Amino acid sequence: MHLQPAPPRQLPPQDMADLDAAEQRSQRVTYGFGAAAGVVLVVLLCLLCSRVIF
């Protein structure tokens, strides 16, 4: 006995402009966190190097 699967449901329409805007916002947040982490690491590196030199 073979069962026939139900046909796939119709997906809701997507708003591509809204998706692009959300992706750009998330990319800015990601770059912001990366820049902040980079600044913190550079400051820590400078502090550690100044402790070694002096």
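In this chain, the mean positions of the 4 positive and 4 negative charges lie 15 Å apart. Lys and Arg count as positive and Asp and Glu as negative, while His and the chain ends are not counted; each charge is placed at NZ of Lys, CZ of Arg, CG of Asp or CD of Glu. The model is predicted, so local features need pLDDT of at least 70, side-chain atom pairs count only at pLDDT 80 or more, and totals for chains, interfaces and linings use all residues. Residues are numbered from 1 along each chain as its sequence is written, and side-chain values use heavy atoms, leaving out hydrogens and water.

**Overall form**

- Val 40 sits in helix 1, which covers residues 16-53, and is partly exposed (between the buried limit and 50%), with a relative accessible area of 47%.
- Ile 53 also has its place in helix 1, and is exposed (over 50%) at 65% relative accessible area.
- Ile 53 and Asp 18 are 35 residues apart in sequence, and their C-alpha atoms are 53 Å apart in space.

How values were computed. Helix = DSSP H or I, 4+ residues; strand = E, 2+ residues; numbered from the N terminus. Buried < 20%, exposed > 50% of the residue type's maximum accessible area, 1.4 Å probe, protein only.
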